Amino acid sequence: MGARIEHTATFDHPIHEVFSALTAEDVLRARLAEVGGDDATLLTHAISGNEVTYRMRQCLRADTVPRTVRELLRGDLEVHREHTWRLPAADDSSVRGSARATVAGVPGEVTAVSELTARGDATGTSCVLRLTGEATVRIPLVGGRFERMIVEHLDTLLDKEDRFTESYLARHAC
């Protein structure tokens, strides 16, 4: 059984503006440049049918992870993230997405679902982003410790991404 992930952020902007800030290619590149860490790269971004998908790579420096992890995995950790969001219709008051992340050389993954929900109706002036998921690492004896480390790093990263998104919206919202 993995470590549970629960994250919530509130944005004082309408759902369509927040969705755009979370999924637009130029905003994703700017977010990665500001808070993505070493060698953060947007690998792909595509809109197909009613979905937007993107993949990115981020790295965690070895000196930022617990010693137990450093002893098992030599060098920096390369994290691959994949996101899929359903495009919202004009009258949508919520939008759902899914995410998956893996770390090169680690037998495990992070899986999550996201929901962006307008407060009130779709034209409301604020919305809430909820992410729930699980980090699972299949390494005997230390997997649980590694899972907890992933959840802590992920929570910190998501907080930074939320602050970037709020700041971006404050500068660019309609």
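**Close-up views of a predicted model**

**Figure 1. Residue D39 in strand β2.** D39 is found in strand β2 of this predicted model. The phi angle of D39 is near 55 degrees, a positive value in a residue other than glycine. D39 counts as exposed because its relative accessibility is 56%, which lies over the 50% cut-off.

**Figure 2. A negative surface patch formed by D38, D39, D76 and E78.** One of its members, D38, is placed in strand β2, which spans residues 38-48. D38 is partly exposed, with a relative accessible area of 36%. Another member, D39, is also found in strand β2 and is exposed at 56% relative accessibility.

Figure 3. With residues up to four places away in sequence not counted, S126 touches F11, D12, H13 and P14, together with A118 and R119.

Figure 4. V106 is buried, its relative accessible area being 10%. Residues up to four places away in sequence left aside, V106 touches L73, V137 and F146. Between the C-alpha atoms of V106 and V79 the separation is 9.9 Å, and these two residues are 27 residues apart along the chain.

**Figure 5. The salt bridge between E161 and R81.** The side chains of E161 and R81 meet at 2.7 Å, N to O. E161 lies in helix α4 (residues 143-172) and R81 in strand β4 (residues 77-86), so the pair ties together parts that are 80 residues apart in sequence. Both E161 and R81 are buried. R31, R81 and E161 are linked in a network of salt bridges.

**Figure 6. The salt bridge between E82 and R100.** The distance between the two side chains is 4.0 Å, N to O. E82 in strand β4 and R100 in strand β5 are 18 residues apart, and the pair links distant parts of the chain. E82 counts as partly exposed at 34% relative accessibility, and R100 counts as partly exposed at 36%.

**Figure 7. The salt bridge between E6 and R4.** The side chains of E6 and R4 meet at 3.4 Å, N to O. E6 is exposed, with 57% relative accessibility, and R4 is exposed, with 53%. The count of salt bridges in the model comes to seven.

Terms used
Residues numbered from 1 in each chain as written. Predicted model: local features only at pLDDT ≥ 70, side-chain atom pairs only at ≥ 80, totals over all residues. Heavy atoms only, no water. Patch = residues over 30% accessible without salt bridge, like charges linked within 9 Å, V, L, I, M, F, W, Y side chains within 5 Å. Areas by Shrake-Rupley, 256 points an atom, 1.4 Å probe, with all protein chains shown as cover. Lys, Arg positive; Asp, Glu negative; His and termini not counted. Charge placed at Lys NZ, Arg CZ, Asp CG, Glu CD. Helix = DSSP H or I, 4+ residues; strand = E, 2+ residues; numbered from the N terminus. Buried < 20%, exposed > 50% of the residue type's maximum accessible area, 1.4 Å probe, protein only. Contact = heavy atoms within 4.5 Å.
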